[in-house]
Structure formats: C-alpha cells, structure tokens
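Student: Hi! I'm new to this one. Could you walk me through it?

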Amino acid sequence: NSGNIILNSEELSNEKIVNNINLMIKDKFNLDIPVFVISLNELESILDNSPNWWGSDNKEIYDNLIFMFPNTNYDEVFNEVGEPTENIDMIENYKNVIFWSFDLKNYRKSNWWIKTASCSIKDKITIRTANTIRKVYELASKSS
C-alpha cells in the first residue's frame, strides 16, 4: 500500500530526501521499498498541463496519475504495458507522468489496469488518483 507525506524542506534535494526516507524505512521496518518525491512546483506544473479529459467530475471515468521513478521514461512504460484499450483507456504523457483515465464499468478489460499492477514496470511507477493528487496539492500549498 502507498502513502503520501508532505514535507517542507528547502535545504535538501529530492534525491537526498529519497535517500533519507529509504534509510528510515529500512531502519524501522527492515524494508527496501521505492520512494518517490516531487516538489510542489513540479506538481503544480503537472496539474496545469493536464489534458482536458483528465480529472473531470464524470463518475463513470476513473482518473489516475502515473508517476515514473527517476531513470524510467514514458517509452519504457508504454513498451511494457502496451497500447491503451480502445474506448476504455485514455493516456497522455507529460514530463515524468502519465495521465491515465479509464471507463470504470469496463476496467477489467483495460490493458493498462491489468498490466500496470502485474508486469515488471510496476516497481518503476507509482499511481495516484486525481482526487488524491488534488488533495495533496491543496494541503502542500497551504503548508508552504
């Protein structure tokens, strides 16, 4: 399961924050798990550049944001997961994220739904819903 943490640090780079969090998790829980860090400015840029179809209030569509870990790129994810399922999945790449929406009634037919959780790329990405991202952004904006 995933978690979201909002940190306020002007002194540390994303890489140092990742390393520090990895060490804390390793020391406390003896786990070696991937950690993804993004700045508030980067998140704001991502949200400002979201496609028109992403993040709407349409309850029949489920909107996600796929964050790619450093050293992972869109082509690698796309080549591993494959084509989006026509009339079910919609995807669009922007920098180090992929906007991904799918028809909620047909999610089990979604190529991206099946493969993002089961293929080798799953350890190189982390996925959050549009609602979660909006809440994280709102909270981070207030705390900065």
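**Helix 3 and beyond**

Tutor: On helix 3, the exposed residues Asp75 and Asn79 sit on the face turned away from its buried side. Exposed means over 50% relative accessible area, buried under 20%, and partly exposed in between (1.4 Å probe, protein chains only). Helices (H or I, at least four residues) and strands (E, at least two) are DSSP runs, numbered from the N terminus.

Student: Before we go on, what kind of model is this?

Tutor: This is a predicted model, where local features need pLDDT of at least 70 and side-chain atom pairs count only at pLDDT 80 or more, while totals for chains, interfaces and linings use all residues. Residues are numbered from 1 along each chain as its sequence is written, and side-chain values use heavy atoms, with hydrogens and water left out.

Student: Thanks! Which residues of helix 3 are buried?

Tutor: Val77, Phe78 and Val81 are buried there. They lie on the same side of helix 3 because they cover an arc of only 95° around the axis. That arc is taken from the directions from the helix axis to the C-beta atoms.

Student: And what covers those buried residues?

Tutor: The cover includes strand 1, strand 2 (89-94), strand 3 (97-103), helix 4 and strand 4. Contact here means heavy atoms within 4.5 Å.

Student: You mentioned helix 4. Is asparagine 111, which lies in it, buried or exposed?

Tutor: Asparagine 111 is buried, with a relative accessible area of 18%. Leaving aside residues up to four places away in sequence, asparagine 111 touches Val81, Gly82, Glu83, Thr85 and Asp89.

Student: New topic: how many residues does helix 5 have?

Tutor: Helix 5 (residues 130-143) has 14 residues, and from its first C-alpha to its last it reaches 20 Å, close to the 20 Å expected at 1.5 Å a residue. The expected span is 1.5 Å times one less than the number of residues.

Student: Which of its residues are buried?

Tutor: In helix 5 those are Ala130, Ile133, Val136 and Ala140. They share one side of helix 5, since their arc around the axis is only 125°. The face turned away from that buried side carries the exposed residues Asn131, Lys135 and Lys142.

Student: What do the buried ones in helix 5 pack against?

Tutor: Helix 2 (40-48), strand 1 (61-68) and strand 4 (125-129).

Student: At what angle do helix 2 and helix 5 pack?

Tutor: The angle is about 135°, and the axes are 11 Å apart. Axes are lines fitted to C-alpha atoms, for helices over the stretch in contact, and angles run from 0 to 180 degrees between N-to-C directions. Helix 2 and helix 5 are therefore oblique to each other. For reference, under 35 degrees counts as roughly parallel, over 145 as roughly antiparallel, 65 to 115 as roughly perpendicular and the rest as oblique.

Student: Which residues make that contact?

Tutor: Helix 2 brings Leu40, Leu43, Glu44 and Leu47, and helix 5 brings Ile133, Val136, Tyr137, Ala140 and Ser141.

Student: Now the loops. Where is asparagine 30?

Tutor: Asparagine 30 is in the loop between helix 1 (14-29) and helix 2. Its phi is near 55°, a positive value in a residue other than glycine. Asparagine 30 counts as exposed, at 59% relative accessibility.

Student: And where does asparagine 87 lie?

Tutor: Asparagine 87 lies in the loop between helix 3 and strand 2. Although asparagine 87 is not a glycine, it has a positive phi of about 65°. At 70% relative accessibility, asparagine 87 counts as exposed.
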